[in-house]
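Here is a note for a colleague who is opening this structure for the first time. The points below are meant to be read with the structure in view.

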Amino acid sequence: MSELNHRILLHARPGGIPEPSNFVADTVPVRPPAADEVLLETIFLSIDPAMRSWMSEDSSAHSSVPLGEVMRGGGIARVLQSRSPMFRPGEHVQARLGWQTHPTLPARYVQKADAARGDARAWIGVLGLSAVTAYFGMRDIGEVTPGDNVLVSAAAGGVGQIAAQIARIEACHVAGIAGGADKCAYLASELKLDGVIDRKAENDLAAAIGRACPDGIDLYFDNVGGPTLDAALMHLRPGARVVLCGRISQVAAANSYAVRNLGMILTRRARMQGFQVFRYHDRYEEARAWLAARYREGALQQRLHVLDGLDQAPAALGMLFRGENTGKLVVQVGREFSHARPSR
Ligand SMILES: NC(=O)c1ccc[n+]([C@@H]2O[C@H](COP(=O)([O-])OP(=O)(O)OC[C@H]3O[C@@H](n4cnc5c(N)ncnc54)[C@H](OP(=O)(O)O)[C@@H]3O)[C@@H](O)[C@H]2O)c1
């Protein structure tokens, strides 16, 4: 085992899109676990848009990461040493690991990633928090119903891929918006969506949505906000539901976009509702049981965009805001399989 813990610290707060210069790397000795703690080896780190908010001083939704501290982030790890009866060396776990190779954490902040449900890739992807977000957004907030005409933005991304597939599983007509031909081909050929819109190739997004959703929209799952939300609102059907999952187009924008078509919510007697996945913490197990069953049946998949090495994390975050990720964005920090003899 490496005796060193490689870490990425928050160095400076971003003005717009996060840059590598917002972070700095350092190395400290691995800290052996105290009673009721575990020493972990990070395998995958999830790269999430919310990290941009955590980097800001005025983060309203979440507390900010202090400058000089390890960047916050969740992921999948392997237990190296355990001083808790809850965990054994070699087990896979999920936790808020932070951007570091060898976190030492209290066992109460760590959850098992049951190998019977999936390997580390499944746990960062199809069973991970993005998938759980899609589950509650689609089902609880969107009240997805068979026969619905569903539109999903950022449909090739982490949350969007799963949201679109849930709608397909529920026998809906599903259209997806993504940026670029490669992502759109994936949505059409692999996820079998009924309609696909390449936002980067369309001059008139509202007209393109009209072509992909000729009968209008019963459920719009919004991952991006801004002009895309505006364009989707124009096509709402009576009684439509608009799920405000995220507004990535606005989070790092210099000037915020004023949505113009809110009148459609009134005239279509529609409902628009936001949600935060962590509010569903008590029901994560319900979501994971459903997602694991669909994954086992082959009805659900998750394309990962994997960057290799902890040193890639600082540049990775900005990719989300430029649409450069082709799938759920993760950084692979350690090996997926260990043949090392675990110690206790
Ligand atoms: N409510 C919750 O609890 C919760 C939890 C997790 C995530 N979220 C939100 O869910 C959304 C998706 O998150 P994710 O982790 O799955 O990221 P993601 O979709 O994998 O990556 C972000 C994608 O957003 C699109 N995008 C970026 N800038 C854009 C712009 N200016 N205009 C239009 N599209 C743009 C890009 O896709 P294309 O280029 O393909 O369009 C990009 O690949 C985010 O808004 C995130 O904040 C919410």
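1. In which loop does Ala171 lie? The model is a predicted one, and in this model Ala171 is placed in the loop between α4 and β9 (173-178). The residue has a positive phi of about 60 degrees although it is not a glycine, and because 12 C-beta neighbours lie inside 10 Å, Ala171 counts as exposed.

2. As background, most residues other than glycine have a negative phi.

3. The domain assignment of the protein gives domain 1, made of 4-125 + 304-332, and domain 2, made of 129-278. The centres of domain 1 and domain 2, taken over C-alpha atoms, are separated by 28 Å, and 15 residues of domain 1 are in contact with 14 residues of domain 2. On the side of domain 1 that touches domain 2, α1 (50-54), α11 and β15 each supply at least two residues, and by class this side has five nonpolar, eight polar and two charged residues.

4. The ligand is surrounded by 32 residues, of which the closest are Gly157, Gly158, Gly179, Gly246 and Gly323. The shell around the ligand draws at least three residues from each of domain 1 and domain 2, and its residues divide into 14 nonpolar, 13 polar and five charged. At least two residues of this shell come from each of α3 (129-141), α4 (158-169), α8 (248-251), α11 (313-322) and β15 (328-332), while α4 gives the most, with three residues.

5. An open sheet of six strands, paired in the parallel sense, has the order β10-β9-β8-β11-β12-β13. Its edges are formed by β10 (195-198) and β13 (271-274), each with a single partner strand, so one side of each is left without a neighbour in the sheet. From one strand to the next, the twist averages 15 degrees.

6. Strand β3 (residues 37-46) deserves a separate look, as it is mostly covered, with ten of its ten residues buried. It is joined by seven bridges to strand β4 (residues 74-82), and the two run antiparallel, with Leu45 standing opposite Gly75 in β4. Three bridges in the antiparallel sense pair β3 with strand β6 (residues 104-106), where Leu39 stands opposite Thr104. The strand β3 is also joined to β15 by three bridges, again antiparallel, and Phe44 stands opposite Gln332 in β15.

Key
Residues are numbered from 1 along each chain as its sequence is written. This is a predicted model: local features need pLDDT of at least 70, side-chain atom pairs count only at pLDDT 80 or more; totals for chains, interfaces and linings use all residues. A residue is near a molecule or strand if its C-beta atom, placed from the backbone, lies within 6 Å of it. Helices (H or I, at least four residues) and strands (E, at least two) are DSSP runs, numbered from the N terminus. Ala, Val, Leu, Ile, Met, Phe, Trp, Tyr, Cys and Pro count as nonpolar, Asp, Glu, Lys and Arg as charged, and the others, Gly among them, as polar. Domain bounds come from an automatic or database domain assignment. A residue is buried if 20 or more other C-beta atoms lie within 10 Å of its own, exposed if 12 or fewer, and partly exposed in between; C-beta atoms are placed from the backbone. Two strands pair if DSSP finds at least two bridges between them. Two residues are in contact if their C-beta atoms, placed from the backbone, lie within 7 Å. Axes are lines fitted to C-alpha atoms, for helices over the stretch in contact, and angles run from 0 to 180 degrees between N-to-C directions.
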